[in-house]
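Please have the sequence and the 3D view open as you read.

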Amino acid sequence: METLRRCFRGRPPGGGAVSYSRHRNPGGGDEEQEEGAEPMVRLPRPRTRPRRRPRPWLHPLATLALGSATAFLLGLLVAALGHTPCRGGAVGAGPLPGGSAPDLVWGGASAEAPPPRPRLRELLRRHLREERVEQWAREVSSGPHGAGSGRGRALAQSVLSALAGAGLSRAWSRPQPLPLPVRGAVSLRWVGPGGEELERLPLDPEAFCAWSAPGTATGGLLYGHYGRPQDLAELRARGAEPRGHLVLLRLGRGRPAQQVSAMFAAGALGVLFYRDPRDTPGPGGGPALWGGATPTLHVQDGAGDPFSRGFPSFSGHAPPGPAPGVAPIPAHPLSAATAMRLMRSLGPPLAPPRWGVPGGALRFRPRLGGRRLQLRVGAGTRPGTLTSVFGALRGRLEPDCYIIVGAQRDSLGPGAAASGVGTALLLELARFFAAIGREGFQLRRTLLFVSWDGAEFGHLGATEWLEGYPGLLHTKVAAYVSLDRPVLGADRFVVRTSPTLGPLIESALEQVESPNEGGKSLLEQLRRPGRGWESDVIRPLAPESGAFPFTAAAGVPALELGFDEAPGGGGSARAALGTPEDTLSRLGARLRGRLPAVSRAVAAVAAQLLLRLGHDPRLPLEPAAIGDALVRQLAPLQARGLSLQCLSSARGGVVRAAAALRRDMSGSDGANERLNRGFNARLMAAEASLLSPFVSPLVSPFRHVLLGQGRHTLAALVAELGTQRGTPGDNEGTPGDNEGTPGDNLGTPGDNVGTPGDNEGTPGDNVGTPGDNEGTRGNSTRTHRDRDSGDIGDIGDIGGGLGDSGDCGDMGGGLGDTGDIGGGLALGQ
């Protein structure tokens, strides 16, 4: 302050004398100032602004006219803004495809209201055509169309043309180079002590175990039933060990990959599979499958390319060595006739009577100098290219949020049940939603219809696609609906789903007429006195499901729906999968002429689900269902007297976080688009929060703690605690058994503590910071949209949409093309 004071007084900071200075006198003379005198500081006088003359007032009539014109223009502006579609709830999205006006809906109703239910049912009856479904199913299943084959590529082009002609916003195909498994030279024979051939057993020249390890196994033979832990315990109790033997296993319960891994751990040299005709009785009780039919299987544990687990493949060439994650012993399928020939050579000990082994014996033990069984498998891979086909119907208000519906297209056999019906329903649903859009109703969110290639070998196309967006897909995709194998019977309706989608099923079933009981809805048919319908319908996602990788690897809520045979009905359509017996005529005969009605019912349920997911301002997801799933899994452990305080606390945190989110939503303005987007982001984050952060996706791609695979799951915790819960999924395969118990593939030791609560929660419950994720999730969405990260994508064509490589940058960006995303995901190549 002293320095400032000296400056204003004209003295230097050091306190020295002020030199002589001359000041100009304003009057014109000079005035000297002696040294030591106070310097004269003259400030400029403030200027005086000239006073403006007031403008005369406008004439009152002119003022009135000007105000009226201004009010009229403002009214037009407000009306225009009110009828302009919003991109992301904020910015206009431009004209709608197909020339439909954004404000036209059913009967002049509000643009936010879905069509009335009677009107929707009438539209379903008018636009879902049974003859088109049958026509497409017949075309797809007219012959084998394996992944990467010439007929597979021709069929992909036909599907692309159908989607383009349905009136969608965009349709494109996406090539994906991958190493594809091929069948090498395979032989099964009896050999002498010197290796000379004594007898060669017949094998199907087309069937094989995809991803099986190559090699030669020579030894005795042991019958292992289904290869489950309880089956191994029965064998050991009778003094029969798999070690040093080939093991003959029956298909139907448990995944082949699990069976091979269990036999390798038990010391087996190789595995032979067969499908018992008694598991699949046809009409009248006779065998449903011809004894020479041999299924094609895959034995990798999980989905996707085993050589690039957790990341997309960038080359069609496989690295040297066996496929990771596959047991290093050869495996091969047999026909039932060949398996029966082998069983006749078995001797003591005797099998349990309930196994129903012909002859009742279990083991063939080679004698010194006697014959032995030899399996030689020449498996391998070849460079190939998958072709998945996409079609997008752009959403009106949230075009950067996606609902995906997909179906398998490839099959090594005719594939009527495996791929024909599902592909036909996919195309018919695309045509239906495009048609109702032209009639005036358009969904808020973008629908993406996908025909996947490579599903026969472990859902290669779908898994490789989603692996291109690690940590990002769940911020853009609200749900996935799978139409894989939608009609395997007609007796019961089954939905395999992730937890948060479960409560949505009831409203859809209530609106669809049962194909079996006229005048009743599906929900009325499914209800039973004294028990809830959910126990008969809802199942957890199984690893062989096409929807499984979306939830287990990407954290996207997903479900798979369809009709199946009743328990004990044989499940012959399921047994025919992967064989030449999977034809449309055989499927129609099995359903006794009900195939068109059953297909229509599946399509109607899927349409109801897509309507709710694609149009509700707030997504119909229920995060509280995660707490219910935890309760179901903890109950068996608590019954054993184990202390599960940490898991119970996690469940409590989930429930409280979900309740807090519901309170926030119920007390907010449902018409506020910004709030709705924030709430939707938090709802979508619930399922993704169950992806364990403690394991690497490169080691354990399926990180979901309830549905995933690995030591981070609750199933692994159950095994560590020594409970007798069986192998995860060991009840999968035959109708009635393939669902297993909900806990078979569920769970984790506490990885999910408070994760869904990261959207809400209280700090003490590890449920996250209150409300932080609303902004965080929204910011994440904006960050990915704003960042020009076009290094994976091929989807820039639908205003924040999914696109093709290099051909989809014309509709405002979004999930963009390589290098020109324009903001958003690059959901493509």
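Let's start with a salt bridge: Glu439 pairs with Arg126, and their closest N and O atoms are 3.1 Å apart. The term stands for a side-chain nitrogen of Lys or Arg within 4 Å of a carboxyl oxygen of Asp or Glu. Glu439 sits in the loop between helix 9 (416–438) and strand 19, while Arg126 belongs to helix 3 (residues 117–127), so this contact ties together parts 313 residues apart in sequence. Helices (H or I, at least four residues) and strands (E, at least two) are DSSP runs, numbered from the N terminus.

This is a predicted model, in which local features need pLDDT of at least 70 and side-chain atom pairs count only at pLDDT 80 or more, while totals for chains, interfaces and linings use all residues. Residues are numbered from 1 along each chain as its sequence is written, and side-chain values use heavy atoms, leaving out hydrogens and water.

**Salt bridges**

- The structure holds 31 salt bridges.
- Arg409 and Asp453 form another salt bridge, with the closest N and O atoms 3.6 Å apart, and both residues are buried.
- Asp491 and Arg594 meet in a salt bridge at 4.0 Å, N to O; this pair links parts of the chain 103 residues apart.
- A network of salt bridges links Glu398, Asp400, Arg444, Arg445, Lys476, Glu673 and Arg677.

**Aromatic pairs**

- Rings of Phe, Tyr and Trp (its six-membered ring) pair if their centres lie within 6.5 Å; planes under 30 degrees apart count as stacked, over 60 as edge-to-face and the rest as tilted.
- By this rule there are 15 aromatic pairs.
- Phe390 and Trp452 have ring centres 5.8 Å apart and planes at 85°, so they are edge-to-face; Phe390 lies in strand 17 (residues 380–393) and Trp452 in strand 19 (residues 445–452), 62 residues apart.
- Phe390 is buried at 1% relative accessibility, and Trp452 is buried at 3%.
- Trp452 also pairs with Phe550, with centres 6.2 Å apart and planes at 50°, so this pair is tilted.
- Phe550, in helix 14 (residues 548–552), is buried at 0%.
- Ring pairs join Trp172, Phe390, Trp452, Trp465, Tyr469, Tyr480 and Phe550 into a cluster.

Terms used
Buried means under 20% relative accessible area, exposed over 50%, partly exposed in between (1.4 Å probe, protein chains only).
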